[in-house]
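Here is a briefing on a two-chain model.

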Amino acid sequence: MDEVQIVERLKAKFGEKILSTYTFAGQHAVTIGPDSLREVLIWLRDDRELDFSWLMDVGGVDYLGYPGDDDREWRFEVAYQLYSLGKNHRIRVKVAVTDDSVSVPSVWDLWGVANWMEREVWDLFGIRFDGHPNLRRILCHDEFVGHALRKDYPINRRQKLLQPSEMILCERMEWA
Amino acid sequence: MSEHHSGTDVQSIPTDLLTLNIGPSHPATHGTLRLQVQLDGETIVNMGCEIGYLHRGYEKQCETVYYNMVVPYAERLNYCSPVHNSNAWCYAIEQMMGVEAPPRAQALRVITSEMARIIDHCVCIGTNLVDIGGLTNFWYMYNYREKIYDLYEELTGARMMVNYPRIGGVCLDAPDDWFDHVLRVMEELTEAIGDVHALVARNRIFVDRMIGTGVISNEMAVSHGCTGPVGRASGVNYDIRKAQPYWGYEKYQFDVPVLQGGDNYDRTMVRFIEMEQSRRIVEQAIKSIPSGPVLLENPLVALPPKDKVYNTMEGLINHFKLVMHGVQPPKGEIYSATEGGNGELGYYVISDGGPMPFRVRIRPPCFASYSCFPKIMKGQMVADAVATLGTINIIAGELDR
């Protein structure tokens with residue numbers, strides 16, 4: 001299916017919940033609110049004609065200081081890159097996160113890879129994921145203060161690692 | 001004594017689980033990874049992974065430099081196949097700017113990237129066989145890795161971190177007899193692959209160690225986003241070179257190996273077949289290489305040739321402007337995926353219209369594959385964890401960024 005048609009179908013199905021759509025260089029994205037994230041992703045995954053069975057990537061973005069967009073209502077976005085192996089098409093679903101008081105529902109139970117990728121977004125942007133069983137830092141160490149990829153985190157700030165974490169095992173192996 | 005012994009069932013002796021740390025600096029982890037396992041005898045009951053020991057703030061660093069200055073950084077992602085990462089970076093920015101590299105540059109990218117894939121698999125197979133006790137293969141494989149490094153040196157002047165591609169093409173054309181040298185090495189390579197394959201494929205020790213261990217089922221491969229050789233060994237017929245071709249891959253004849261077992265043996269065999277297919281691609285690309293420029297003649301994208309810089313005013317201004325103000329893609333965002341040595345290498349780049357990227361997010365293929373590692377090792381032997389770590393091919397550079 002043409003990616004334009006996918007966006008049209010999403011609009012027809014979810015209407016108001018699609019906050020905005022975006023097209024650039026032949027790629028398409030839709031922006032939604034955190035409340036409808038699971039609903040939209042489950043529909044995209046399970047619809048036979050769309051068949052987005054692969055979650056390729058979850059990445060955060062901090063739009064603080066993005067030029068020419070002072071009226072942006074949200075500071076953060078979390079971008080989910082979906083791919084359909086059967087139909088060979090892609091779409092990007094972006095979740096608008098106003099600030100770090102808002103949390104995003106976790107999709108770790110829908111795609112195993114989301115577990116670690118959401119941990120990375122939490123680690124580097126400080127966006128919380130509701131329902132994540134093991135939301136710990138993944139790239140930075142446990143004592144790290146702040147979130148390194150935020151635009152207001154200075155690039156030359158150094159933080160010491162004093163104590164390596166003793167126990168990294170989870171209660172249940174599925175959560176690791 | 002004997003009475004007492006015969007009266008005790010071994011299973012009923014009370015035992016405790018042993019918690020053991022493997023890494024962060026351990027020869028079998030090929031880098032800095034830390035595993036913590038709970039063992040019942042030699043069987044893994046629980047496992048935790050800690051990554052981030054090689055976290056260099058890569059994505060943050062990319063936000064502070066010009067687009068072309070990311071090229072050498074990109075090669076530090078997967079340092080086993082460096083040039084593919086920088087080729088893919090330049091391709092992402094070209095897509096963003098709506099330009100395309102000239103056909104000769106695209107063919108050179110295909111050749112260098114496929115050679116990178118060959119050495120990536122050489123390292124993966126060679127070191128993994130060392131881990132499980134077969135040192136001989138290591139020398140066979142590293143021998144050809146050296147020869148391919150020699151070819152890179154001839155082409156670019158550097159062996160490992162070659163800094164070869166530029167946005168809009170590649171920085172140098174190949175020297176006169178370079179293609180003949182490549183073809184000669186490729187011919188010898190077939191022999192080396194055959195030798196190593198013959199040493200291991202039906203070797204009893206190897207087969208017993210590899211078949212049925214570290215199995216990633218097809219469902220798990222899809223759920224955990226296992227692409228590349230790891231996914232293809234689990235029955236996922238996905239190769240971006242076929243699914244969404246770039247750099248003219250649709251012109252070349254090659255097969256994508258898909259095996260169904262999902263175990264360590266199949267992952268190794270997929271890599272053997274892929275090396276052979278990469279050799280085919282390199283040979284076809286050399287035989288059909290188009291003539292022409294290797295860098296775009298677009299003053300907004302690529303530096304002008306040196307004789308123009310030194311002899312014309314326009315060339316000098318153009319050079320100055322690009323060096324001082326950089327390449328400036330329009331405002332927008334792109335997710336560009338290419339087939340790296342380990343699977344889908346994705347660059348999610350957001351531009352604010354300035355000379356430096358606003359945000360660079362890298363989708364490292366082995367991050368996704370490694371995330372299923374604790375799950376697949378449950379109930380397996382601790383020695384198999386080492387073999388599995390090798391066949392998933394964790395590259396700490398792209399895992400931790």
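A crossing is called left-handed if the near helix is turned anticlockwise from the far one by less than a right angle, and right-handed if clockwise. By that rule, H5(B) and H12(B) make a left-handed crossing. The model is predicted. Its scores are ipTM 0.89 and pTM 0.88.

**Confidence**

- Chain B has a mean pLDDT of 87, and 98% of its residues reach 70 or more.
- Chain A has a mean pLDDT of 86, with 99% of its residues at 70 or more.
- Within chain A, the element with the lowest mean pLDDT (83) is helix H1 (residues 3-14), and the one with the highest (92) is strand E6 (residues 104-105).

**Chain A**

- Chain A holds 3 helices and 7 strands.
- Read from the N terminus, its elements follow the order α-β-β-α-β-β-β-β-α-β.
- The C-alpha atoms of chain A occupy a box of roughly 55 × 45 × 25 Å along the principal axes.

**Chain B**

- Chain B holds 18 helices and 8 strands.
- Its C-alpha atoms occupy a box of roughly 100 × 45 × 30 Å along the principal axes.
- A compact globule of 401 residues would have a radius of gyration near 21 Å; the 23 Å of chain B agrees with this.

**Interface between the chains**

- On the chain B side, 47 residues are in contact with 35 residues of chain A.
- Strand E3 (residues 43-50) of chain B gives the largest share of that side, 5 residues.
- By class, the chain B side has 17 nonpolar, 18 polar and 12 charged residues.

**Helix packing in chain B: H5 and H12**

- Two packed helices are described by the angle between their axes and the distance between the axes.
- Helix H5 (residues 103-131) of chain B packs on helix H12 (residues 264-287) of chain B at an angle of about 155°, with the axes 9 Å apart.
- Angles over 145 degrees count as roughly antiparallel, so H5(B) and H12(B) are roughly antiparallel to each other.
- The H5(B) side of the contact includes B:Ala107, B:Val110, B:Ile111, B:Glu114 and B:Met115.
- The H12(B) side includes B:Thr268, B:Arg271, B:Glu274, B:Met275 and B:Ser278.
- The contact of H5(B) with H12(B) comprises 12 nonpolar, 3 polar and 5 charged residues.

**Helix packing in chain B: H7 and H12**

- Helix H7 (residues 178-200) of chain B also packs on H12(B): the axes come within 10 Å and cross at roughly 165°.
- H7(B) and H12(B) are therefore roughly antiparallel to each other.
- Their crossing is left-handed.
- H7(B) contributes B:Phe179, B:Val182, B:Leu183, B:Met186, B:Leu189, B:Thr190, B:Ile193 and B:His197.
- H12(B) contributes B:Phe272, B:Met275, B:Glu276, B:Arg279, B:Val282, B:Glu283 and B:Ile286.
- By class, the contact of H7(B) with H12(B) has 10 nonpolar, 2 polar and 3 charged residues.
- B:Met275, B:Arg279, B:Val282 and B:Ile286 of H12(B) take part in the contact with H5(B) and in the contact with H7(B).

**Helix packing in chain B: H4 and H5**

- Helix H4 (residues 82-97) of chain B packs on H5(B) at an angle of about 140°, with the axes 7 Å apart.
- H4(B) and H5(B) are therefore oblique to each other.
- H4(B) crosses H5(B) in a left-handed sense.
- B:Pro82, B:Val83, B:His84 and B:Asn87 of H4(B) meet B:Arg109, B:Thr112, B:Ser113, B:Ala116 and B:Arg117 of H5(B).
- The contact of H4(B) with H5(B) has 3 nonpolar, 4 polar and 2 charged residues.
- B:Arg117 of H5(B) belongs to the contact with H4(B) and to the contact with H12(B).

Technical notes: Residues are numbered from 1 along each chain as its sequence is written. Chains are lettered from A and ligands numbered from 1 in the order in which they are written. This is a predicted model: local features need pLDDT of at least 70, side-chain atom pairs count only at pLDDT 80 or more; totals for chains, interfaces and linings use all residues. Two residues are in contact if their C-beta atoms, placed from the backbone, lie within 7 Å. Helices (H or I, at least four residues) and strands (E, at least two) are DSSP runs, numbered from the N terminus. Ala, Val, Leu, Ile, Met, Phe, Trp, Tyr, Cys and Pro count as nonpolar, Asp, Glu, Lys and Arg as charged, and the others, Gly among them, as polar. Axes are lines fitted to C-alpha atoms, for helices over the stretch in contact, and angles run from 0 to 180 degrees between N-to-C directions. Angles under 35 degrees count as roughly parallel, over 145 as roughly antiparallel, 65 to 115 as roughly perpendicular and the rest as oblique. pLDDT is the predictor's confidence in each residue, from 0 to 100. The radius of gyration is taken over C-alpha atoms; the globule rule is 2.2 Å times the number of residues to the power 0.38.
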